[in-house]
Amino acid sequence: MIRIAMIGIGQIARQQHLPTIAAHKAFTLVAGVSPVPVVLEVPVFPTVAALRESGIGVDAVAICTPPDIRYALACEALDAGWHVLLEKPPATTRSQGVALLERAEAHDITLFSAWHSVHAPAVAWLKDHLPGLSVRDIAIVWKENAEKWHPGAEWLWAPGAPGVFDAGINALSILCALTPEGVVFRKAELGFCPGRGAPARARLALETSDRALGIIGEFDWLHPAESEIWEIVWSLHDGTTLALSEGGGHLLRNGKPVPIGDRPEYAGVYDRFAALVAQRLSDLDLRALDLVTEALAYGRRYAID
């Protein structure tokens with residue numbers, strides 16, 4: 001069994017990571033780290049340093065904090081000799097990600113960027129079937145309500161924060177995983193609410209690296225909570241459409257359901273992490289992060305009334 005500690009005990013940890021760990025045959029939860037007092041069935045420490053000093057045996061950690069503090073925490077964990085799973089995005093910049101990978105390799109331990117949406121059931125089907133199809137274009141529509149999912153989380157709107165891309169990067173991770181030729185940024189439009197330092201809406205124009213395929217993305221974090229949309233549509237030259245919906249939980253071909261299974265995303269995340277730890281290998285994918293970084297740097301900004 002891999003003895004794992006949870007660093008950051010917020011909503012995503014409680015809803016996804018902790019239940020998945022509890023059900024997974026390869027992991028056992030031994031500790032938590034949270035600067036805010038929380039109650040778990042295992043000891044919880046205020047800092048990584050306090051966890052190290054406790055003497056509790058730890059093999060791996062899952063870091064589920066806000067992105068801006070993950071780099072420092074991951075450095076501490078890697079230097080302690082612990083395998084590291086990073087919630088998405090794995091870092092705030094590519095340079096941080098590369099530095100963490102070099103650190104993991106120096107210690108001969110695992111670093112894993114857990115793009116959970118890549119493990120959705122529809123993605124596995126599409127990985128098997130898309131390579132043999134002639135795609136004309138791709139359209140992403142990813143619209144949800146920020147306050148529903150992150151009530152009172154002001155850090156999401158601070159300058160340098162991802163804003164709408166905190167959710168939208170999930171769509172981009174799927175896109176990158178299913179586009180082996182690579183995805184290139186072209187342009188973006190970013191909508192900002194008054195007093196906010198991160199965008200609430202975005203439109204992206206992307207293309208494949210061979211310039212053969214256009215990709216449009218529309219992202220909204222102010223969408224009504226009762227009608228959220230997480231959809232990617234591949235339109236083929238023969239008129240067929242493949243529509244991934246519900247973030248990858250469903251797949252439609254020409255409007256008709258495709259059987260894809262129902263294994264939870266995070267079960268797949270921890271299956272992959274366990275396999276990497278067993279081989280002391282790393283898997284750090286920064287492609288979706290690159291697209292977000294480029295959109296935030298070069299996108300045209302406008303005010304949302």
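Helices (H or I, at least four residues) and strands (E, at least two) are DSSP runs, numbered from the N terminus. The structure is a predicted model, in which local features need pLDDT of at least 70 and side-chain atom pairs count only at pLDDT 80 or more, while totals for chains, interfaces and linings use all residues. Residues are numbered from 1 along each chain as its sequence is written, and side-chain values use heavy atoms, with hydrogens and water left out.

Grid points are joined across faces, edges and corners, and a volume is the space filled by probe spheres set on the points. The largest pocket has a volume of about 1,300 Å³. Its lining comprises 46 residues, and Gln11, Ile12, Glu87, His150 and Tyr266 are the closest to the pocket centre. Two or more lining residues come from each of helix H1 (11–23), helix H2 (48–54), helix H3 (70–79), H7 and helix H8 (265–279). H1 gives the most, with 5 residues. By residue class, the lining of the largest pocket holds 24 nonpolar, 14 polar and 8 charged residues, where Ala, Val, Leu, Ile, Met, Phe, Trp, Tyr, Cys and Pro count as nonpolar, Asp, Glu, Lys and Arg as charged, and the others, Gly among them, as polar. The largest pocket lies between domain 1 (2–113) and domain 2 (117–262 + 292–303), because both give residues to its lining; the domain bounds come from an automatic or database domain assignment.

The second largest pocket has a volume of about 360 Å³. It is lined by 20 residues, with Trp115, Val118, His119, Lys127 and Arg272 nearest its centre. Strand S6 (111–114), helix H5 (121–129), H7 and H8 each give two or more residues to this lining, and the largest share, 4 residues, is from H5. The lining of the second largest pocket divides into 10 nonpolar, 3 polar and 7 charged residues.

Helix H7 (residues 165–177) has 13 residues and should span 18 Å at 1.5 Å a residue, which agrees with the 17 Å between its end C-alpha atoms; the expected span is 1.5 Å times one less than the number of residues. Among the buried residues of H7 are Phe165, Ile169, Leu172 and Cys176.

A nonpolar core is a set of buried Ala, Val, Leu, Ile, Met, Phe, Trp, Tyr and Cys residues joined through side-chain atoms within 4.5 Å. The largest such core has 54 residues, and Trp142, Leu172, Phe219, Trp234 and Leu244 have the most contacts inside it. H7 supplies the largest share of this core, 8 residues. Another core, of 27 residues, lies apart from it and includes Ala31, Ala50, Leu51 and Ile109.

Some backbone features fall in loops. Lys88 and Pro89 are joined by a cis peptide bond, with omega about -15°; Pro89 is in the loop between strand S5 (83–87) and helix H4 (94–107). Glu246, a residue other than glycine, has a positive phi near 55° and is partly exposed, with a relative accessible area of 47%.

Methods: Buried < 20%, exposed > 50% of the residue type's maximum accessible area, 1.4 Å probe, protein only. 1 Å grid on protein atoms, 1.4 Å probe; cavity = no way out; pocket = protein on both sides within 12 Å on 5 of 7 lines; lining within 4 Å.
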